[in-house]
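Keep the sequence at hand as you read.

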Amino acid sequence: MYKRIKFLLSIILSALLILTTIPFASAQNDTVASEPNVTVSITASGGNGQIIENMGMPDEAVRKYGIIGNYARGTKFVLTAKETDCEFLYWKDTISRRVISRDKTYVAIAGTNISISAVFRSPSTDKKLVMFQNSNGYIISSEYADDTRTISVPSNPSMHGYIFNSWLLNGNAQAFNNNTINVSELSGDSVYIASYTQSPAYYNINVIGGSGSGRYIYNEKLVVSLDESLIPEGKVFAYWSNGKDILSYDKTYTFYVGADAYIYAVYDAVAPAQKQPAISVVVADMNTSAGKFTFLSERSLPLDCEFVETGILIHTSESFDLDTSGISKAKALSQAPSGQFSITKCSMSAGSIWYARAYMIYIKDGASNIIYSDVVNTAPN
């Protein structure tokens, strides 16, 4: 019993020491007003289809040859793909090579530069579309091929928190001979989607200043609650932090587990006057032998703000933002003001160090703003 009490006391003392040394994580809340300089390029490809902007509205316009111009962040474009002697297939983000929608009507929001293509196919073609996508819509491979072709099945794509299971065609798992596909055996266009099963791995969550510590599986919902008896005299609860970024201003913080984490209750003399936008990023997984790193971001936006866009930036230097040349950017498709987003960077050279930070664009009081997380890197601990 004495050893157990001594052990618990050592944990409490360590926690109190950490709480007194955590810096006030306010850097991410220094929002920067953005200029109306988002480049928008929208085109139709692969057939005689058209793009109709604001269909049925007084300002309806045909955009067959595209929209190219600069627009304010937050500008919305209601786009409808019109089939004219052709078949609409999907909307594609040409920057990230992702299928972003298969609905004929798509709402694009100008957060960062946009380049969208409405992809059509002519019914007169005798070639078949063979496409492989991961579950996030990223196009791994895509081509039109005739019946004389044999197409190789791409390598199994990885996904953080999950294990690749099979390629699905029309919802059915596929078995391939010699990892190839004979186009002559396909009845028509074929889109293969990667399917996964959840990984059995557990993640360790340590909560300092509240309840919720334990081991959890990926994507398990966790509710962290403040222990008000631990608030130092003369202080009030300010927010939850991961040691760098602000996670939540609420005493009860709910999220979905995606990585090992320390979560700290941070105190101040005065509580924040109001909730502020919050964005964070962590290195969720490191597989140095395979050259793969996964970055996980989490965002939270108050009700008085309008969400525009969020994503993760990756660069080889420690200082960068959206305007830095040479950055890699992955944009989340979700339009939810709160949630998580992860990306996996592959084919990294052994020993190389990469840096990542999350960003979020939002509108408040009619003005657009950008908020950044702190920077994390893949350097070994």
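Trp240 stands opposite Ser248 in β23. Two bridges join strand β22 (residues 236-241) to β23, and the two run antiparallel. Strands here are DSSP runs of E with at least two residues, numbered from the N terminus. Two strands pair if DSSP finds at least two bridges between them. This is a predicted model, in which local features need pLDDT of at least 70, side-chain atom pairs count only at pLDDT 80 or more, and totals for chains, interfaces and linings use all residues. Residues are numbered from 1 along each chain as its sequence is written, and side-chain values use heavy atoms, with hydrogens and water left out.

Now the sheet around that pair. Five strands form an open sheet in the order β20-β18-β25-β22-β23, with mixed pairing. Its edge strands, β20 (214-217) and β23 (246-248), each pair on one side only.

Next comes β2. Six bridges join β2 to strand β10 (residues 114-121), and these run parallel. Ile42 stands opposite Ile116 in β10. In a regular strand the side chains alternate between the two faces of the sheet. Strand β2 (residues 38-45) has a covered face of Val38, Val40, Ile42 and Ala44. Its uncovered face holds Thr39, Ser41, Thr43 and Ser45.

Finally, the cores. A nonpolar core is a set of buried (under 20% relative accessible area, 1.4 Å probe, protein chains only) Ala, Val, Leu, Ile, Met, Phe, Trp, Tyr and Cys residues joined through side-chain atoms within 4.5 Å. The largest has 20 residues, of which Phe295, Ile312, Ile314 and Ile343 touch the most other members. Its largest share, four residues, comes from β31. A second, separate core of 19 residues includes Val38, Ala81, Phe88 and Ala110.

Conventions. Buried means under 20% relative accessible area, exposed over 50%, partly exposed in between (1.4 Å probe, protein chains only).
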